[in-house]
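Thanks for coming, everyone. Stop me whenever you like.

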Amino acid sequence: MENAFGILSIVPPLVAIGMALITKQTILSLLLGVFTGVTIINGWNPFIAVPKMISDYFIPQIGNEWNAGMIMLITACGGFVYLIKISGAGKALGDLATRKIENRKQAQLVTYLSAFAFVYTEPTLTLGTIMRPITERFKVSRVKLAYICDVMGCPFATLSPITSYSAYATGLIAAQFALLNITDNPWNTFVSAIPFNFYAIFGMIALLYVIVTKLDIGPMYDAEKRAIETGHLIGENDNPMERYDGGDSANLDDMNISFLNFLVPMLTLFITLFSIVFWTGNIAENGLLGSFRESNITLGITTAFVTGGIAAGVMGAKSGLFKYSDIIGKFIKGVVLNAEIPIILVLAWSIGSITGTMDLKGFVVSIIESYSFPPALIPGIIFIIGAFVAFSTGSSWGVWSIMMPIGIPIAVAFDLPVGLVIGAVLSGGVFGDHVSPISDTTILASTAAGADHIQHVRTQLPYALLVGGSSAIGFIFAGFINPWIGFVVTGISIALGLSLFHKLAERRIGRVESVNV
(Lines give C-alpha, C1' and ligand atoms only; values in the text may rest on other atoms or scores of the structure.)
Protein backbone atom coordinates (compact mmCIF):
# COMPACT_ATOMS: atom_id res chain seq x y z
CA MET A 1 0.00 0.00 0.00
CA GLU A 2 1.37 3.39 -1.01
CA ASN A 3 2.24 5.81 1.76
CA ALA A 4 -0.63 8.32 1.80
CA PHE A 5 1.50 11.08 3.33
CA GLY A 6 4.74 10.61 1.39
CA ILE A 7 7.20 13.43 1.85
CA LEU A 8 4.78 15.17 4.25
CA SER A 9 5.75 12.57 6.85
CA ILE A 10 9.03 14.40 7.46
CA VAL A 11 7.32 17.78 8.04
CA PRO A 12 6.33 17.44 11.77
CA PRO A 13 9.82 16.49 13.03
CA LEU A 14 11.45 19.09 10.78
CA VAL A 15 9.11 21.78 12.17
CA ALA A 16 9.96 20.76 15.75
CA ILE A 17 13.69 20.59 15.11
CA GLY A 18 13.83 23.79 13.06
CA MET A 19 11.81 25.82 15.55
CA ALA A 20 13.91 24.48 18.43
CA LEU A 21 17.10 25.65 16.78
CA ILE A 22 15.58 29.03 15.84
CA THR A 23 13.57 29.92 18.96
CA LYS A 24 15.59 27.95 21.55
CA GLN A 25 12.20 27.14 23.15
CA THR A 26 11.98 23.37 23.44
CA ILE A 27 8.38 22.98 24.62
CA LEU A 28 7.00 25.52 22.15
CA SER A 29 8.90 23.92 19.27
CA LEU A 30 7.77 20.40 20.09
CA LEU A 31 4.19 21.57 20.54
CA LEU A 32 4.24 23.22 17.11
CA GLY A 33 5.65 20.03 15.59
CA VAL A 34 2.89 17.93 17.18
CA PHE A 35 0.22 20.42 16.13
CA THR A 36 1.51 20.43 12.55
CA GLY A 37 1.49 16.64 12.35
CA VAL A 38 -1.97 16.22 13.87
CA THR A 39 -3.31 18.93 11.56
CA ILE A 40 -1.96 17.11 8.48
CA ILE A 41 -3.26 13.73 9.67
CA ASN A 42 -6.74 15.16 10.23
CA GLY A 43 -7.21 16.58 6.75
CA TRP A 44 -5.46 19.88 7.39
CA ASN A 45 -8.13 20.85 9.93
CA PRO A 46 -6.40 22.98 12.63
CA PHE A 47 -9.55 23.24 14.76
CA ILE A 48 -9.81 19.53 15.40
CA ALA A 49 -6.04 19.23 15.86
CA VAL A 50 -6.01 20.50 19.46
CA PRO A 51 -8.47 17.97 20.96
CA LYS A 52 -6.94 15.22 18.78
CA MET A 53 -3.49 16.07 20.13
CA ILE A 54 -4.77 15.36 23.62
CA SER A 55 -6.97 12.32 22.94
CA ASP A 56 -4.87 10.53 20.30
CA TYR A 57 -1.34 11.34 21.43
CA PHE A 58 -0.81 12.93 24.85
CA ILE A 59 -3.06 10.57 26.84
CA PRO A 60 -1.89 7.36 25.10
CA GLN A 61 1.76 8.37 25.52
CA ILE A 62 1.30 9.04 29.23
CA GLY A 63 -0.63 5.78 29.58
CA ASN A 64 2.06 3.69 27.90
CA GLU A 65 3.68 1.49 30.57
CA TRP A 66 7.26 2.23 29.52
CA ASN A 67 6.63 5.96 29.19
CA ALA A 68 4.82 6.12 32.52
CA GLY A 69 7.81 4.42 34.11
CA MET A 70 10.14 7.01 32.58
CA ILE A 71 7.94 9.85 33.88
CA MET A 72 8.08 8.31 37.35
CA LEU A 73 11.85 8.02 37.03
CA ILE A 74 12.19 11.70 36.08
CA THR A 75 9.84 12.70 38.90
CA ALA A 76 11.84 10.72 41.47
CA CYS A 77 15.09 12.09 40.04
CA GLY A 78 13.89 15.66 40.64
CA GLY A 79 13.28 15.00 44.32
CA PHE A 80 16.54 13.08 44.70
CA VAL A 81 18.72 15.74 43.01
CA TYR A 82 17.19 18.52 45.09
CA LEU A 83 17.68 16.68 48.39
CA ILE A 84 21.24 15.73 47.41
CA LYS A 85 21.95 19.42 46.83
CA ILE A 86 20.35 20.86 49.97
CA SER A 87 21.42 18.06 52.35
CA GLY A 88 25.11 18.81 51.92
CA ALA A 89 25.83 15.63 49.92
CA GLY A 90 27.09 17.57 46.92
CA LYS A 91 29.25 19.79 49.11
CA ALA A 92 30.67 16.73 50.89
CA LEU A 93 31.61 15.12 47.58
CA GLY A 94 33.00 18.40 46.30
CA ASP A 95 35.14 18.82 49.42
CA LEU A 96 36.53 15.30 48.96
CA ALA A 97 37.11 15.93 45.28
CA THR A 98 39.04 19.09 46.12
CA ARG A 99 41.48 16.95 48.11
CA LYS A 100 41.68 14.08 45.60
CA ILE A 101 41.10 15.76 42.23
CA GLU A 102 43.48 18.51 41.26
CA ASN A 103 42.17 19.99 38.00
CA ARG A 104 39.43 20.12 35.39
CA LYS A 105 40.88 17.30 33.32
CA GLN A 106 40.81 14.94 36.29
CA ALA A 107 37.24 15.97 37.14
CA GLN A 108 36.12 15.14 33.60
CA LEU A 109 38.08 11.89 33.54
CA VAL A 110 36.54 10.73 36.81
CA THR A 111 33.08 11.54 35.39
CA TYR A 112 33.88 9.63 32.20
CA LEU A 113 35.21 6.57 34.04
CA SER A 114 32.36 6.58 36.56
CA ALA A 115 29.98 5.71 33.74
CA PHE A 116 31.46 2.22 33.66
CA ALA A 117 30.08 1.65 37.16
CA PHE A 118 26.58 2.70 36.05
CA VAL A 119 26.38 1.31 32.49
CA TYR A 120 23.71 -1.29 33.30
CA THR A 121 21.31 1.60 34.00
CA GLU A 122 22.09 3.65 30.84
CA PRO A 123 23.90 6.05 33.16
CA THR A 124 22.91 9.47 31.80
CA LEU A 125 20.83 10.69 34.76
CA THR A 126 22.73 8.91 37.52
CA LEU A 127 26.10 10.07 36.19
CA GLY A 128 25.13 13.72 35.88
CA THR A 129 23.38 13.79 39.25
CA ILE A 130 26.32 12.36 41.19
CA MET A 131 29.20 14.01 39.35
CA ARG A 132 27.89 17.54 38.85
CA PRO A 133 29.14 18.83 42.23
CA ILE A 134 32.66 17.79 41.19
CA THR A 135 32.54 19.30 37.70
CA GLU A 136 31.06 22.52 39.06
CA ARG A 137 33.84 22.76 41.64
CA PHE A 138 36.42 22.68 38.85
CA LYS A 139 34.59 25.05 36.47
CA VAL A 140 33.48 22.54 33.85
CA SER A 141 30.67 24.08 31.81
CA ARG A 142 27.22 22.53 32.10
CA VAL A 143 27.12 21.76 28.36
CA LYS A 144 30.44 19.90 28.61
CA LEU A 145 29.00 17.76 31.41
CA ALA A 146 25.87 17.19 29.30
CA TYR A 147 28.09 16.06 26.41
CA ILE A 148 29.88 13.57 28.68
CA CYS A 149 26.57 12.29 30.08
CA ASP A 150 25.05 11.94 26.61
CA VAL A 151 27.96 10.02 25.09
CA MET A 152 28.28 7.77 28.13
CA GLY A 153 24.53 7.13 28.06
CA CYS A 154 22.84 5.77 24.94
CA PRO A 155 25.98 5.13 22.82
CA PHE A 156 27.76 3.37 25.69
CA ALA A 157 24.65 1.34 26.54
CA THR A 158 24.55 -0.10 23.00
CA LEU A 159 28.01 -1.59 23.57
CA SER A 160 27.18 -3.28 26.88
CA PRO A 161 25.80 -6.84 26.93
CA ILE A 162 23.89 -6.21 30.18
CA THR A 163 21.51 -3.42 29.17
CA SER A 164 18.00 -3.29 27.74
CA TYR A 165 19.56 -1.97 24.51
CA SER A 166 21.50 -5.18 23.87
CA ALA A 167 18.52 -7.36 24.79
CA TYR A 168 16.28 -5.42 22.38
CA ALA A 169 18.81 -5.54 19.53
CA THR A 170 19.43 -9.25 20.09
CA GLY A 171 15.69 -9.91 19.91
CA LEU A 172 15.52 -8.15 16.52
CA ILE A 173 18.46 -10.18 15.25
CA ALA A 174 16.88 -13.42 16.49
CA ALA A 175 13.64 -12.65 14.65
CA GLN A 176 15.49 -12.21 11.34
CA PHE A 177 17.59 -15.33 11.88
CA ALA A 178 14.40 -17.34 12.40
CA LEU A 179 12.87 -15.99 9.19
CA LEU A 180 16.04 -16.65 7.20
CA ASN A 181 16.67 -20.09 8.76
CA ILE A 182 20.04 -18.97 10.11
CA THR A 183 21.26 -21.21 12.93
CA ASP A 184 23.88 -18.82 14.37
CA ASN A 185 23.40 -17.72 17.97
CA PRO A 186 21.82 -14.21 17.92
CA TRP A 187 23.53 -13.23 21.15
CA ASN A 188 26.97 -14.18 19.83
CA THR A 189 26.19 -12.34 16.60
CA PHE A 190 25.34 -9.17 18.54
CA VAL A 191 28.62 -9.41 20.47
CA SER A 192 30.56 -9.96 17.23
CA ALA A 193 28.93 -6.81 15.78
CA ILE A 194 30.07 -4.58 18.67
CA PRO A 195 33.43 -3.66 17.03
CA PHE A 196 31.51 -2.39 14.00
CA ASN A 197 29.23 -0.10 15.98
CA PHE A 198 31.56 2.66 14.80
CA TYR A 199 29.58 5.65 16.07
CA ALA A 200 29.22 4.38 19.64
CA ILE A 201 32.82 3.20 19.96
CA PHE A 202 34.44 6.25 18.40
CA GLY A 203 32.00 8.61 20.10
CA MET A 204 33.41 7.37 23.42
CA ILE A 205 37.01 7.39 22.17
CA ALA A 206 36.63 10.91 20.76
CA LEU A 207 35.19 12.13 24.06
CA LEU A 208 38.13 10.65 25.98
CA TYR A 209 40.53 12.17 23.47
CA VAL A 210 38.88 15.58 23.87
CA ILE A 211 39.09 15.38 27.67
CA VAL A 212 42.74 14.30 27.75
CA THR A 213 44.01 16.67 25.06
CA LYS A 214 41.54 19.53 25.79
CA LEU A 215 40.72 19.69 22.07
CA ASP A 216 37.36 21.45 22.40
CA ILE A 217 35.83 22.67 19.14
CA GLY A 218 33.03 24.92 17.92
CA PRO A 219 30.55 26.37 20.44
CA MET A 220 31.92 24.03 23.13
CA TYR A 221 35.25 25.83 22.91
CA ASP A 222 33.43 29.10 23.65
CA ALA A 223 31.53 27.58 26.58
CA GLU A 224 34.63 26.07 28.14
CA LYS A 225 36.64 29.27 27.65
CA ARG A 226 33.88 31.22 29.41
CA ALA A 227 33.72 28.72 32.27
CA ILE A 228 37.49 28.74 32.81
CA GLU A 229 38.00 32.48 32.57
CA THR A 230 34.82 33.78 34.25
CA GLY A 231 33.48 30.85 36.28
CA HIS A 232 30.10 31.11 34.52
CA LEU A 233 29.05 27.53 33.83
CA ILE A 234 25.99 28.51 31.76
CA GLY A 235 25.54 31.28 29.22
CA GLU A 236 23.90 34.58 30.06
CA ASN A 237 20.78 33.74 28.06
CA ASP A 238 20.69 30.01 28.75
CA ASN A 239 17.57 28.37 30.14
CA PRO A 240 18.84 25.41 32.20
CA MET A 241 16.70 22.28 32.39
CA GLU A 242 16.41 22.49 36.17
CA ARG A 243 16.19 25.19 38.81
CA TYR A 244 18.24 23.85 41.72
CA ASP A 245 20.73 26.69 42.07
CA GLY A 246 20.74 28.89 45.12
CA GLY A 247 17.92 28.84 47.65
CA ASP A 248 18.06 26.23 50.37
CA SER A 249 21.61 25.17 49.55
CA ALA A 250 23.21 28.60 49.62
CA ASN A 251 24.88 28.54 53.07
CA LEU A 252 26.40 25.18 53.99
CA ASP A 253 29.93 26.18 55.00
CA ASP A 254 29.23 26.46 58.74
CA MET A 255 27.04 23.35 59.01
CA ASN A 256 27.91 19.96 60.50
CA ILE A 257 28.49 18.21 57.18
CA SER A 258 30.72 15.19 56.68
CA PHE A 259 31.35 12.71 53.88
CA LEU A 260 28.56 10.59 55.39
CA ASN A 261 26.11 13.14 53.99
CA PHE A 262 27.10 11.85 50.56
CA LEU A 263 28.01 8.24 51.37
CA VAL A 264 24.77 7.22 53.12
CA PRO A 265 22.44 8.34 50.27
CA MET A 266 24.73 6.73 47.66
CA LEU A 267 24.92 3.42 49.52
CA THR A 268 21.15 3.49 49.94
CA LEU A 269 20.71 4.20 46.24
CA PHE A 270 22.94 1.35 45.08
CA ILE A 271 21.70 -1.20 47.62
CA THR A 272 18.15 -0.44 46.49
CA LEU A 273 19.09 -0.54 42.81
CA PHE A 274 20.85 -3.89 42.96
CA SER A 275 18.12 -5.38 45.18
CA ILE A 276 15.44 -4.46 42.62
CA VAL A 277 17.60 -5.68 39.73
CA PHE A 278 18.26 -9.06 41.33
CA TRP A 279 14.62 -9.40 42.42
CA THR A 280 12.94 -8.46 39.13
CA GLY A 281 15.64 -10.22 37.09
CA ASN A 282 15.27 -13.41 39.18
CA ILE A 283 18.97 -13.92 39.84
CA ALA A 284 18.32 -17.42 41.20
CA GLU A 285 17.11 -18.66 37.80
CA ASN A 286 18.87 -16.32 35.37
CA GLY A 287 22.26 -15.86 37.02
CA LEU A 288 24.12 -12.58 37.53
CA LEU A 289 24.35 -11.36 33.92
CA GLY A 290 20.93 -12.77 33.08
CA SER A 291 19.33 -10.90 35.98
CA PHE A 292 20.58 -7.59 34.57
CA ARG A 293 19.19 -8.41 31.11
CA GLU A 294 15.80 -9.54 32.47
CA SER A 295 15.36 -6.98 35.23
CA ASN A 296 13.12 -3.92 35.32
CA ILE A 297 15.90 -1.31 35.29
CA THR A 298 13.46 1.61 35.20
CA LEU A 299 11.75 0.39 38.38
CA GLY A 300 15.15 -0.14 40.00
CA ILE A 301 16.43 3.35 39.24
CA THR A 302 13.14 5.01 40.23
CA THR A 303 12.96 3.19 43.56
CA ALA A 304 16.65 3.91 44.18
CA PHE A 305 16.09 7.65 43.58
CA VAL A 306 13.23 7.63 46.11
CA THR A 307 15.11 5.76 48.85
CA GLY A 308 18.33 7.64 48.14
CA GLY A 309 16.46 10.94 48.34
CA ILE A 310 14.91 10.01 51.66
CA ALA A 311 18.33 8.97 52.99
CA ALA A 312 19.78 12.30 51.84
CA GLY A 313 16.92 14.06 53.63
CA VAL A 314 17.60 12.16 56.85
CA MET A 315 21.29 13.08 56.74
CA GLY A 316 20.43 16.71 56.01
CA ALA A 317 18.03 16.83 58.94
CA LYS A 318 20.62 15.10 61.15
CA SER A 319 23.10 17.83 60.20
CA GLY A 320 20.59 20.50 61.24
CA LEU A 321 19.98 21.86 57.75
CA PHE A 322 16.19 21.41 58.07
CA LYS A 323 13.66 19.47 60.13
CA TYR A 324 12.86 15.79 59.70
CA SER A 325 9.26 16.79 59.03
CA ASP A 326 10.46 18.85 56.03
CA ILE A 327 11.97 15.91 54.10
CA ILE A 328 8.87 15.00 52.07
CA GLY A 329 8.14 18.66 51.37
CA LYS A 330 11.68 19.18 50.11
CA PHE A 331 11.40 16.10 47.91
CA ILE A 332 8.16 17.39 46.40
CA LYS A 333 9.76 20.79 45.81
CA GLY A 334 12.45 19.07 43.75
CA VAL A 335 9.74 17.30 41.76
CA VAL A 336 8.00 20.62 41.05
CA LEU A 337 11.23 22.32 39.99
CA ASN A 338 11.75 19.50 37.48
CA ALA A 339 8.16 19.56 36.18
CA GLU A 340 8.87 20.73 32.64
CA ILE A 341 10.91 17.62 31.81
CA PRO A 342 7.95 15.17 31.71
CA ILE A 343 6.11 17.67 29.49
CA ILE A 344 9.02 17.71 27.05
CA LEU A 345 9.20 13.92 27.05
CA VAL A 346 5.47 13.51 26.34
CA LEU A 347 5.74 15.95 23.44
CA ALA A 348 8.83 14.17 22.07
CA TRP A 349 7.11 10.79 22.31
CA SER A 350 4.06 12.26 20.55
CA ILE A 351 6.25 13.41 17.66
CA GLY A 352 7.57 9.86 17.36
CA SER A 353 4.03 8.46 17.39
CA ILE A 354 2.95 10.94 14.71
CA THR A 355 5.81 9.95 12.41
CA GLY A 356 4.71 6.35 12.94
CA THR A 357 1.14 7.21 11.97
CA MET A 358 2.42 9.03 8.88
CA ASP A 359 4.78 6.12 8.12
CA LEU A 360 7.99 8.12 7.85
CA LYS A 361 9.97 4.88 7.98
CA GLY A 362 7.97 3.46 5.07
CA PHE A 363 8.66 6.59 3.06
CA VAL A 364 12.40 6.23 3.66
CA VAL A 365 12.31 2.51 2.81
CA SER A 366 10.49 3.26 -0.46
CA ILE A 367 13.31 5.62 -1.43
CA ILE A 368 15.90 2.90 -0.77
CA GLU A 369 13.95 0.38 -2.84
CA SER A 370 13.61 2.82 -5.75
CA TYR A 371 17.35 2.88 -6.45
CA SER A 372 19.96 0.24 -7.13
CA PHE A 373 23.20 0.65 -5.19
CA PRO A 374 26.49 -1.28 -5.34
CA PRO A 375 26.41 -3.89 -2.53
CA ALA A 376 29.60 -2.47 -1.00
CA LEU A 377 27.78 0.82 -0.37
CA ILE A 378 24.96 -0.84 1.57
CA PRO A 379 26.51 -0.55 5.08
CA GLY A 380 27.13 3.17 4.52
CA ILE A 381 23.65 3.72 3.08
CA ILE A 382 22.00 1.88 5.98
CA PHE A 383 23.98 4.02 8.42
CA ILE A 384 23.02 7.31 6.74
CA ILE A 385 19.33 6.46 6.27
CA GLY A 386 19.07 5.16 9.84
CA ALA A 387 20.67 8.33 11.18
CA PHE A 388 18.21 10.53 9.27
CA VAL A 389 15.17 8.63 10.53
CA ALA A 390 16.47 8.59 14.13
CA PHE A 391 17.18 12.32 13.94
CA SER A 392 13.66 12.97 12.69
CA THR A 393 11.91 10.72 15.20
CA GLY A 394 14.25 10.99 18.21
CA SER A 395 14.30 7.20 18.56
CA SER A 396 17.17 4.77 17.99
CA TRP A 397 15.05 1.73 18.87
CA GLY A 398 12.45 2.64 16.25
CA VAL A 399 15.17 2.80 13.60
CA TRP A 400 16.58 -0.56 14.64
CA SER A 401 13.14 -2.14 14.38
CA ILE A 402 12.79 -1.06 10.74
CA MET A 403 16.40 -1.24 9.53
CA MET A 404 17.34 -4.61 11.06
CA PRO A 405 14.70 -6.47 8.95
CA ILE A 406 16.07 -4.64 5.89
CA GLY A 407 19.78 -4.88 6.65
CA ILE A 408 20.19 -8.53 7.67
CA PRO A 409 18.40 -10.04 4.62
CA ILE A 410 20.37 -7.72 2.31
CA ALA A 411 23.63 -8.75 3.99
CA VAL A 412 22.77 -12.42 3.46
CA ALA A 413 21.62 -11.87 -0.13
CA PHE A 414 24.79 -10.01 -1.16
CA ASP A 415 27.17 -12.04 1.02
CA LEU A 416 28.14 -9.03 3.15
CA PRO A 417 29.47 -9.50 6.70
CA VAL A 418 26.33 -9.71 8.84
CA GLY A 419 28.13 -8.22 11.84
CA LEU A 420 29.17 -5.18 9.79
CA VAL A 421 25.61 -4.52 8.61
CA ILE A 422 24.23 -4.94 12.15
CA GLY A 423 26.88 -2.48 13.34
CA ALA A 424 25.72 0.00 10.67
CA VAL A 425 22.10 -0.36 11.82
CA LEU A 426 23.03 0.19 15.47
CA SER A 427 25.38 3.08 14.66
CA GLY A 428 22.89 4.90 12.46
CA GLY A 429 20.18 4.76 15.11
CA VAL A 430 22.50 5.96 17.85
CA PHE A 431 23.98 8.78 15.73
CA GLY A 432 20.59 10.18 14.73
CA ASP A 433 19.25 9.85 18.26
CA HIS A 434 22.35 11.53 19.66
CA VAL A 435 22.02 14.70 17.56
CA SER A 436 18.23 15.01 17.71
CA PRO A 437 16.81 17.72 20.00
CA ILE A 438 13.59 15.68 20.30
CA SER A 439 15.36 12.55 21.56
CA ASP A 440 14.46 11.59 25.13
CA THR A 441 18.06 10.56 25.85
CA THR A 442 19.34 13.96 24.68
CA ILE A 443 16.75 15.63 26.91
CA LEU A 444 17.84 13.47 29.85
CA ALA A 445 21.48 14.52 29.33
CA SER A 446 20.50 18.19 29.47
CA THR A 447 18.49 17.49 32.61
CA ALA A 448 21.29 15.55 34.30
CA ALA A 449 23.78 18.36 33.70
CA GLY A 450 21.38 21.24 34.39
CA ALA A 451 22.18 22.63 30.95
CA ASP A 452 20.12 24.59 28.45
CA HIS A 453 18.75 21.88 26.17
CA ILE A 454 19.22 23.69 22.86
CA GLN A 455 22.72 24.79 23.88
CA HIS A 456 23.54 21.18 24.73
CA VAL A 457 22.42 20.10 21.26
CA ARG A 458 24.30 23.00 19.66
CA THR A 459 27.61 22.44 21.50
CA GLN A 460 27.51 18.65 21.08
CA LEU A 461 26.66 18.79 17.38
CA PRO A 462 30.18 19.45 15.96
CA TYR A 463 31.58 16.42 17.81
CA ALA A 464 28.66 14.22 16.81
CA LEU A 465 28.81 15.30 13.16
CA LEU A 466 32.56 14.69 13.06
CA VAL A 467 32.19 11.20 14.54
CA GLY A 468 29.12 10.49 12.41
CA GLY A 469 30.75 11.71 9.19
CA SER A 470 33.89 9.73 9.93
CA SER A 471 31.76 6.66 10.67
CA ALA A 472 30.03 7.02 7.30
CA ILE A 473 33.42 7.11 5.58
CA GLY A 474 34.48 4.12 7.67
CA PHE A 475 31.45 2.09 6.60
CA ILE A 476 32.18 2.84 2.95
CA PHE A 477 35.77 1.61 3.32
CA ALA A 478 34.49 -1.37 5.32
CA GLY A 479 32.11 -2.32 2.51
CA PHE A 480 34.60 -1.95 -0.34
CA ILE A 481 37.76 -3.25 1.35
CA ASN A 482 37.50 -4.78 4.83
CA PRO A 483 35.51 -4.02 8.03
CA TRP A 484 38.68 -3.52 10.06
CA ILE A 485 40.07 -1.11 7.49
CA GLY A 486 36.86 0.87 7.98
CA PHE A 487 37.49 0.82 11.74
CA VAL A 488 40.98 2.28 11.30
CA VAL A 489 39.87 4.90 8.77
CA THR A 490 37.13 6.09 11.13
CA GLY A 491 39.61 6.61 13.96
CA ILE A 492 42.15 8.46 11.83
CA SER A 493 39.47 10.74 10.36
CA ILE A 494 38.22 11.72 13.81
CA ALA A 495 41.71 12.46 15.18
CA LEU A 496 42.58 14.67 12.20
CA GLY A 497 39.21 16.42 12.34
CA LEU A 498 39.46 17.23 16.04
CA SER A 499 42.93 18.71 15.63
CA LEU A 500 41.87 20.82 12.66
CA PHE A 501 38.67 22.19 14.21
CA HIS A 502 40.42 22.95 17.52
CA LYS A 503 43.00 25.07 15.71
CA LEU A 504 40.21 26.90 13.88
CA ALA A 505 38.47 27.61 17.21
CA GLU A 506 41.70 28.98 18.68
CA ARG A 507 42.17 31.32 15.73
CA ARG A 508 38.54 32.47 15.92
CA ILE A 509 38.37 33.50 19.60
CA GLY A 510 41.90 33.07 20.93
CA ARG A 511 43.55 30.61 23.24
CA VAL A 512 42.08 29.73 26.62
CA GLU A 513 43.93 31.57 29.37
CA SER A 514 46.34 29.31 31.22
CA VAL A 515 44.70 28.27 34.48
CA ASN A 516 44.64 25.02 36.42
CA VAL A 517 42.88 23.01 33.73
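Start with S295. This serine sits in the loop between α15 (283-294) and α16 (297-318). Is S295 buried or exposed? S295 is buried, because its relative accessible area is 13% and the cut-off for buried is under 20%. What does S295 touch, once neighbours within four places in sequence are set aside? The contacts are V277, T280 and G281.

Keep in mind that this is a predicted model.

Now the whole chain. DSSP gives 25 helices and zero strands. The chain has 517 residues, and 56% of them count as buried. Take the contacts with a separation of 6 or more: 80% of those join residues 24 or more positions apart. The chain exposes about 20800 Å², with 65% of that supplied by carbon and sulfur atoms.

Next, backbone angles. Most residues other than glycine have a negative phi. Two residues here are worth a look. K139 has a positive phi, near 60°. K139 lies in the loop between α7 (124-137) and α8 (142-151). With 39% relative accessible area, K139 is partly exposed. N282 is not a glycine either, and its phi is positive at about 50°. Find N282 in the loop between α14 (260-280) and α15. N282 is partly exposed too, at 30% relative accessible area.

On to the aromatics. A search of the whole structure turns up 16 aromatic pairs. Take F198 and F202. Their ring centres are 6.4 Å apart and their planes stand at 75°, so this pair is edge-to-face. Both residues sit in helix α12 (residues 198-213), four residues apart, so about one helical turn separates them. F198 and F202 are both buried.

F198 has another partner, F475. That pair is stacked, with 4.5 Å between centres and 25° between planes. Which parts of the chain does this pair tie together? F198 belongs to helix α12 and F475 to helix α24, so the pair links parts 277 residues apart in sequence. F198 has a relative accessibility of 0%, so it counts as buried. F475 is buried as well, also at 0%. Now widen the view. Ring pairs join F196, F198, Y199, F202, F383, F431, F475, W484 and F487 into a cluster.

Where does the largest share of the patch come from? Helix α24 (residues 453-480) supplies it, with four residues. I481 sits in the loop between α24 and α25 (483-509). I481 is exposed, because its relative accessible area is 57% and the cut-off for exposed is over 50%.

Now charges. The structure holds six salt bridges. One of them joins the side chains of K52 and D56, at 3.6 Å from N to O. Both residues lie in helix α3, four residues apart, about one turn. K52 is partly exposed at 26% relative accessibility. D56 is partly exposed at 35%.

Then there is D216 with K144, at 3.0 Å from N to O. D216 is in the loop between α12 and α13 (218-230), while K144 is in helix α8, so this bridge ties together parts 72 residues apart in sequence. Are these two buried or exposed? D216 counts as buried at 8%, and K144 is buried at 1%.

A further bridge pairs K225 and E229, at 3.1 Å from N to O. They are four residues apart in helix α13, so about one helical turn lies between them. K225 counts as buried at 16%, whereas E229 is partly exposed at 30%. Some bridges share partners, and these join R104, K144, D216 and E224 into one network.

In helix α11 (residues 186-193), the buried residues are T189, F190 and A193. They span an arc of only 100° around the axis, so they lie on the same side of α11. And V50, in helix α3 (residues 46-63), is partly exposed at 44% relative accessible area. V50 and T39 are eleven residues apart in sequence, with 8.5 Å between their C-alpha atoms.

That's the tour. Over to you.

Technical notes: Residues are numbered from 1 along each chain as its sequence is written. This is a predicted model: local features need pLDDT of at least 70, side-chain atom pairs count only at pLDDT 80 or more; totals for chains, interfaces and linings use all residues. Side-chain values use heavy atoms; hydrogens and water are left out. Helices (H or I, at least four residues) and strands (E, at least two) are DSSP runs, numbered from the N terminus. Buried means under 20% relative accessible area, exposed over 50%, partly exposed in between (1.4 Å probe, protein chains only). Rings of Phe, Tyr and Trp (its six-membered ring) pair if their centres lie within 6.5 Å; planes under 30 degrees apart count as stacked, over 60 as edge-to-face and the rest as tilted. Contact means heavy atoms within 4.5 Å. The arc is that of the directions from the helix axis to the C-beta atoms. Accessible areas come from the Shrake-Rupley method with a 1.4 Å probe; for residues, only the protein chains shown count as cover. A salt bridge is a side-chain nitrogen of Lys or Arg within 4 Å of a carboxyl oxygen of Asp or Glu.
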